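Me: I would like to learn how to read helix packing and pockets. Please take me through it on an example.

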Amino acid sequence: MSDASTHDIHLELSDPRELFDAPPLDPIGGQPHADTGVDRILNRIRPKPHLPVRATVHLPAGARAPDLEARVRAGLHRYCDLRIGQIGHNIASLRQEGLATLWRGLLFLALCMLGSQLLGDPKFLPGILARFLDEGLIIAGWVALWYPLDALLYQHWPLKRERRLYEQLRAMDLKLEFAD
């Protein structure tokens, strides 16, 4: 049963390992997917990441094992924990890079502003060229701040969205069903 307030996802896998390892693409042989089951789930929940997830994995009868569902769930938790940790490290690295480049960008902006002040209104250059150098230095200084500010203010957003997806994946209701 599916409702609009839950992602209800059904996956057909030939082996439980396909949840984490991509099978070879074989559209002729009936294998139209070349991505992992986890990736297929993530792609389905990405448009509405705030909804809870319920996934049913359909497996062949030969994959049945007494503790398979618990092992798959534990493996999924370990996988999500690993990805959440990696994303956290990427966010911290991005923040560190943004701060490091911010100081260089601010120094460059200060040097450009100083150069602009030193040029002032030079009498030895034609008016248009003096204005070009004056405004060009100011613009170049501000452009040098573009990447650091982008890294500090915006680039972490997609990473945080991805981390929320893995947190949601970790908390999803997972059920294994076997063909008889």
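Reply: Start with the terms. Helices (H or I, at least four residues) are DSSP runs, numbered from the N terminus. Axes are lines fitted to C-alpha atoms over the stretch in contact, and angles run from 0 to 180 degrees between N-to-C directions. This is a predicted model: local features need pLDDT of at least 70, side-chain atom pairs count only at pLDDT 80 or more, and totals for chains, interfaces and linings use all residues. Residues are numbered from 1 along each chain as its sequence is written, and side-chain values use heavy atoms, without hydrogens and water.

Me: Which residues of helix 2 and helix 4 meet?

Reply: Contact means heavy atoms within 4.5 Å. Helix 2 brings Leu94, Arg95, Glu97, Gly98, Leu99, Thr101 and Leu102; helix 4 brings Tyr147, Pro148, Leu149, Ala151 and Leu152. By class, that contact has eight nonpolar, two polar and two charged residues. Ala, Val, Leu, Ile, Met, Phe, Trp, Tyr, Cys and Pro count as nonpolar, Asp, Glu, Lys and Arg as charged, the others, Gly among them, as polar.

Me: How do helix 3 and helix 4 pack?

Reply: Helix 3 (residues 127-144) packs on helix 4 at about 30°, axes 4 Å apart. That makes the pair roughly parallel. Trp142, Val143 and Ala144 of helix 3 touch Trp146, Tyr147 and Pro148 of helix 4. The residues of this contact are six nonpolar, no polar and no charged.

Me: And what is the angle between helix 2 and helix 3?

Reply: About 170°, with 8 Å between the axes. Helix 2 and helix 3 are therefore roughly antiparallel. Their contact includes Phe108 and Met113 of helix 2 and Leu137 and Trp142 of helix 3. Its classes are 11 nonpolar, four polar and one charged.

Me: Which residues line the largest pocket?

Reply: On a 1 Å grid over the protein atoms alone, a pocket is an open set of points where a 1.4 Å probe fits, with protein on both sides within 12 Å along at least five of seven lines; lining residues have an atom within 4 Å of a point. Here they are Pro16, Arg17, Phe20, Ala63, Ala65, Leu68, Arg71, Val72 and Gly75. Six are nonpolar, one polar and two charged.

Conventions. Helix = DSSP H or I, 4+ residues; strand = E, 2+ residues; numbered from the N terminus. Parallel < 35°, antiparallel > 145°, perpendicular 65-115°, else oblique.
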